[in-house]
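Subject: Structure for your review

Dear colleague,

Please find the structure below, together with its sequence.

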Amino acid sequence: MKTWFTYIAAAVFALATAFLFADYQIASSTFSLISTYLVRLGTLITIPVIVFSFPSAIASLRKDRLGGYAASSIITWTLVTSIILPMVPAVFFYLYPSAFPVTSSAGSSGDLVGYYTEYAMMSNINALSVVNPFNTIATASSIVLPLIILSWIFGIFLNPSSDTIRPAYAVMNSFSEIMHKIARFYTVYGYIIAYFSLTDLFLSAYVEKTVIAVPSFLFMLLIITGIIVFALLPILFALFTKFKKNPYKVLFLSISSLVMSLSSGNVLSSVATNMTTSRYSLGVQKRNAVTSTIFFSLFSKGGSAAISTFLILTLITAMGGILDSTTIILVALAASAASFVAFTSFGMESVITTYIALKILNVDLYGAESALLSILMITNGLSSLLDSAVIAMGTKAVSVATKTDMEVPYKDYI
C-alpha cells in the first residue's frame, strides 16, 4: 500500500482509539510512554542518516559544481518562507482579534519557560567547542548543529578530485545508500509510530480540556494552518518553480511526512520520512534530498514562526494589551527572526520561538507564556506540520532550480 493511504488510515484509527479510551487514565499514560519511545527512535535513526549521507551528498554536489545553485536556492526559500508565513496569522488576527484561552498552566511561573530556553541555547553553543567528535555524534539527538558542521566539513574534503580520494567517496556513497534503505523502511512502517503518537496527542487534548472548552481557539489555529498549507505555500512554490510543477501533487505525495510531523511534533524525527518521500515519490535526487531536507529541518521554521505569531498576539490580548497594525507586523517579524534559533530544542519550537520573540520585542507577560506548555503537543504538532510542508516543497523547488528533478511513475511511489 502507498504511504499516503496507510498514514491517513493511522490518523483515523488514532482518533477512534482516543474516543474509545478517552476516560481511562492508564490509556493516556500508556500511549504517552509508547509514543515518546517511538519518536526518540525516529530521532535516533536521523543521526546516522546525517553522519553517513550528508558528507557524500555535499561531495556529490561539489563534484558536479551544483553546490552554489543548491545553496542559493535553499537560502532563498528559507528566507522567503520564514518572513512571509508569519504574516498570515498577523493578518488573520488583525481581522479577527482573539485572546489566548485559560489553561491548566495559567498562573504558573514564566521562569520555567525562560530557564528551559536559555539552557537549550547554551547547550548548543557549548557543543560547538568540540573536544570529542564521536561523543558529539553519540549525543547529537538534541544537539544537531555540531554534527552537521562536522559532516559538512568532511563532505567538502570528500570531493573525489583525485585517485586517492575516490575510493573513500565510493565507500561513503555506499554507506549513504544503506542509510536510505533504512530510512525507506522507517517511512513505510512509520504509520505505526504515527498511530501511537496521534492517539497520544488526541488523548492529551482531551485531558487538558482547553481546546474542548474553547474550540474557537483551535479552529483559528486550524484555519491559519490550512491557509498556509493549501494557499500560501502552493503560490510561493509555483512562483519559485515558474509554474512548472504542481504544488498540490507535492503535498499529496508528502502526506506521510506531514502526518508524521504532526503526530510527533518533532521535525527531527521526520527527517528520514521527508528524505525518503522526496527521493522516491517526488523525484528529487539523493544528494538534493539529503542536503535540502537536513538544512531545512534545521533553519526553515516559517511554520513555527507563524504559529508563534498567533500565540504571541493572543497572549498579549489576554493580558489586556492593545495591538495596532504596526505592532502586529513587528510581532510577526520578531517571530520570524526568533525561528532561526528554534533548532536549539526540537519538539519545543513553538515555545522557544515565542519566548525569544517576546524578548526581542521587550514584552513582559509576567509568566503568562507558561500557558503554552499545556497545549504544547497541539501547537508544536501544527508547527511541525507546517515546517514539514515547507521542507517538502522547498526540497522539490531546489531540485527544479538545479535542473535535476525527475518524474516518478505512480507505481513507484512509496
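On a 1 Å grid over the protein atoms alone, a cavity is a set of points where a 1.4 Å probe fits but cannot get out, and its lining residues have an atom within 4 Å of a point. Grid points are joined across faces, edges and corners, and a volume is the space filled by probe spheres set on the points. This is a predicted model, in which local features need pLDDT of at least 70 and side-chain atom pairs count only at pLDDT 80 or more, while totals for chains, interfaces and linings use all residues. Residues are numbered from 1 along each chain as its sequence is written, and side-chain values use heavy atoms, with hydrogens and water left out.

Overall composition

The protein has 19 helices and zero strands; both are DSSP runs numbered from the N terminus (helices H or I, at least four residues; strands E, at least two). Of the 414 residues, 56% are buried, where buried means under 20% relative accessible area, exposed over 50%, and partly exposed in between (1.4 Å probe, protein chains only). A contact means heavy atoms within 4.5 Å. Among contacts between residues at least 6 apart in sequence, 84% join residues at least 24 apart.

How many cavities of 30 Å³ or more does a search of the whole structure find? The search finds one, and the space in this largest cavity is about 40 Å³. Its lining consists of Ile-50, Val-144, Ile-148, Leu-268, Val-271, Ile-294, Ser-297, Leu-298 and Phe-346. Eight of the lining residues are nonpolar, one is polar and none is charged; Ala, Val, Leu, Ile, Met, Phe, Trp, Tyr, Cys and Pro count as nonpolar, Asp, Glu, Lys and Arg as charged, and the others, Gly among them, as polar. Helix α15 (residues 286-299) gives the most to this lining, with three residues.

Ser-292 also belongs to helix α15. Ser-292 counts as buried because its relative accessibility is 0%. Leaving aside residues up to four places away in sequence, Ser-292 touches Ile-74, Thr-395 and Val-398.

The 26 residues of helix α11 (residues 215-240) should span 38 Å at 1.5 Å a residue, and the end C-alpha atoms are 36 Å apart, which agrees; the expected span is 1.5 Å times one less than the number of residues. Helix α11 has a kink of about 35°, centred on Ile-228, the bend at a residue being the angle between axes fitted to the seven residues ending there and the seven starting there. Ala-231 is also in helix α11, and is partly exposed because its relative accessibility is 32%.

Lys-242 lies in the loop between α11 and α12 (247-253), as does Phe-243 in the loop between α11 and α12. Phi of Lys-242 is positive, near 60°, and Phe-243 has a positive phi of about 60° although it is not a glycine. Most residues other than glycine have a negative phi. Lys-242 is exposed at 64% relative accessibility, and Phe-243 is exposed at 63%.

In helix α13 (residues 255-264), nine of the ten residues are buried, including Ile-255, Leu-258 and Met-260. Helix α13 is followed by Gly-265, whose phi is positive, near 65°.

Leu-44, in helix α2 (residues 25-63), is exposed, with a relative accessible area of 54%. Leu-44 and Ser-269 are 225 residues apart along the chain, and their C-alpha atoms are separated by 7.8 Å.

Yours sincerely

Notes. On a 1 Å grid over the protein atoms alone, a cavity is a set of points where a 1.4 Å probe fits but cannot get out, and a pocket is an open set with protein on both sides within 12 Å along at least five of seven lines; lining residues have an atom within 4 Å of a point.
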